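Subject: Handover of a structure and its findings

Dear colleague,

Please find below the structure that I am handing over to you. My findings follow it.

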Amino acid sequence: MKTIATLAVLLSAVSAKKLTLRSVKANQELATTTSCDKQKCPAAWRPKPNHHTLSGSTSADCCDKTCELFTCRGVYRSNEAYWGNVGNSPQVCCDKMCGTDFECDVGYVLADATAPGVSKKDCCQPKCQLFECTAPWAPSAAKKDVVASSAEECCEKTCAAVNCSLPGWAPNKSKELEIGSTPEDCCTPLCGNSAQVKCPFGSAVKDEDVNKTSDGTDEGCCAPQCKAYKCSDGFAPNVAKDEAFGASDEECCLPTCKKFECSMEMGWAPFPAVESDIGDNATQCCLATCKQWTCNATEGWLPYPEGAKDNTTGASNSICCMPACEKYSCSSAKGLMKIPTAKTVGGTTDEECCESSKCDDVRNKMAKMEDKEVCNGLEKEKCLKKYAKVKQGNSPAIVMCSFDETYNLCRYDTDSAIKGGCTEI
């Protein structure tokens with residue numbers, strides 16, 4: 001008990017001393033009191049609202065503390081946004097935290113126990129199971145427990161969200177509600193999309209079809225090319241058209257000589273050896289006949305009479321023409337000479353090209369007897385200048401008058417008759 005009494009006395013003495021010091025200090029401050037309008041508040045203090053009417057000698061007399069000087073503790077946390085506020089309590093200077101024991105509704109989870117908040121809206125975040133996915137998004141079972149609330153985080157993108165206007169692609173409305181994220185998943189390739197459309201050998205995409213949508217098959221885009229076309233009989237592939245589009249003889253082939261009709265009337269004969277060659281005219285497909293050949297008379301060649309060689313294939317004097325008798329040699333030993341028309345008459349025999357060497361005298365020195373005129377009875381001078389045209393069998397002949405000196409008589413010299421006659425007589 002004595003000890004307790006002693007402590008009480010000591011405490012009383014200390015208290016008395018403190019009061020004495022406070023009194024002294026107050027007396028000293030009162031001794032230096034000035035107008036608050038002239039006081040400058042220290043950092044983190046703000047002038048009192050009516051400070052221009054107040055007087056004082058300390059910061060507390062003229063200024064108020066701001067929240068910057070207040071320490072938040074326990075379920076409260078500091079917020080710099082409040083530091084400029086005048087206050088000295090957690091309600092004014094702090095944010096209350098959600099805390100670990102905050103209860104959220106089904107489908108929600110506590111976002112951050114240290115985050116400021118007092119309501120479910122402040123403290124809870126929804127899971128994706130609560131998010132409604134709308135076009136162009138579709139619900140994702142795999143993401144139902146993900147804490148998020150946006151289509152990008154909670155849903156799967158459908159094809160409706162994919163840009164099918166990229167080069168080489170077109171929209172495919174039938175896939176808009178399907179889950180997909182690439183043009184390959186969701187769009188229809190254009191025929192010009194070579195990475196997607198693979199034409200088989202012998203086909204390709206036409207320039208005018210590059211922006212056409214395929215029907216899901218390469219065949220819907222690919223047009224046949226001539227290099228894959230088999231030409232019909234009488235036609236041959238036109239290699240210049242290999243890459244061209246076509247599927248007919250007219251588009252892809254060239255006619256062969258087998259289809260060309262050579263006109264004998266025009267001097268052209270068929271040429272079997274070139275039937276499979278490409279050609280569409282007589283020069284390529286036919287053989288010229290002698291009908292087209294002009295015989296060179298100046299070199300001693302003449303046409304055959306009545307077009308005898310017109311249908312013979314050839315293109316030379318030796319094939320198409322007959323030699324003029326001028327080129328033929330008549331034997332003088334046989335008493336022959338060339339006929340006077342040797343340049344214009346063709347032949348290769350004595351019969352065709354030669355005549356008796358007596359024919360010159362007959363033509364130049366003698367005269368044909370008149371009708372009913374005969375050798376007998378003619379005077380010698382006249383007798384030697386007359387002849388008659390007769391027939392010996394089926395052949396013509398010229399019989400000259402001859403004067404018989406023995407009998408002083410003009411008679412027919414049949415022994416010296418010119419068989420075959422003379423030309424132009």
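Which residue does a disulfide join to C226? The partner is C252, with an S to S distance of 2.1 Å. A disulfide is here a pair of cysteine sulfur atoms within 2.5 Å.

Before the details, please note the basis of the values. This is a predicted model, in which local features need pLDDT of at least 70 and side-chain atom pairs count only at pLDDT 80 or more, while totals for chains, interfaces and linings use all residues. Residues are numbered from 1 along each chain as its sequence is written, and side-chain values use heavy atoms, with hydrogens and water left out.

Overall form

The protein contains 12 helices and 27 strands. Both are DSSP runs numbered from the N terminus, helices being H or I with at least four residues and strands E with at least two. The radius of gyration of the protein is 69 Å, whereas a compact globule of 425 residues would have one near 22 Å. That radius is taken over C-alpha atoms, and the globule rule is 2.2 Å times the number of residues to the power 0.38. Along the principal axes, the C-alpha atoms fill a box of roughly 230 × 55 × 40 Å.

Of the 425 residues, 31% are buried. In this message, buried stands for under 20% relative accessible area, exposed for over 50%, and partly exposed for values in between (1.4 Å probe, protein chains only). Among contacts with a separation of 6 or more, 24% are between residues 24 or more positions apart; a contact means heavy atoms within 4.5 Å.

The protein exposes about 27400 Å², of which carbon and sulfur atoms supply 52%. Accessible areas come from the Shrake-Rupley method with a 1.4 Å probe, and for residues only the protein chains shown count as cover. As for charge, there are 48 positive and 58 negative side chains, and the centres of the two sets lie 10 Å apart. Lys and Arg count as positive and Asp and Glu as negative, without His and the chain ends; each charge is placed at NZ of Lys, CZ of Arg, CG of Asp or CD of Glu.

Disulfides

How many disulfides does a search of the whole structure find? The search finds 23. Three of them are described here, including the pair named at the start.

The link of C226 and C252 is left-handed, with -70° about the S-S bond. This pair links distant parts of the chain: C226 is in the loop between strand 14 and strand 15, and C252 is in helix 7 (residues 249-252), 26 residues apart. Both cysteines, C226 and C252, are buried.

The loop between strand 14 (223-224) and strand 15 (235-237) also holds A228, which is partly exposed at 48% relative accessibility. A228 and C252 are 24 residues apart in sequence, and their C-alpha atoms are 9.4 Å apart in space.

C231 and C253 form another disulfide, with their sulfur atoms 2.0 Å apart. Its torsion about the S-S bond is about -95°, so the link is left-handed. Because C231 lies in the loop between strand 14 and strand 15 and C253 in strand 16 (residues 253-255), the pair ties together parts that are 22 residues apart in sequence. C231 is buried at 16% relative accessibility, and C253 is buried at 6%.

A further disulfide joins C41 to C63, S to S 2.0 Å. The link of C41 and C63 is left-handed, at -90° about the S-S bond. C41 is buried at 19% relative accessible area, and C63 is buried at 4%.

Backbone exceptions

Most residues other than glycine have a negative phi, and most peptide bonds are trans. A135 and P136 are joined by a cis peptide bond, with omega about 10°. P136 is found in the loop between strand 8 (124-126) and strand 9 (137-139).

E306 is not a glycine, yet its phi is positive, about 55°. E306 is placed in the loop between strand 19 (301-303) and helix 9 (317-320) and is exposed, with a relative accessible area of 83%. K372, also not a glycine, has a positive phi of about 70°. K372 is in the loop between strand 23 (367-368) and helix 12 (380-383) and counts as exposed at 86% relative accessibility.

With kind regards
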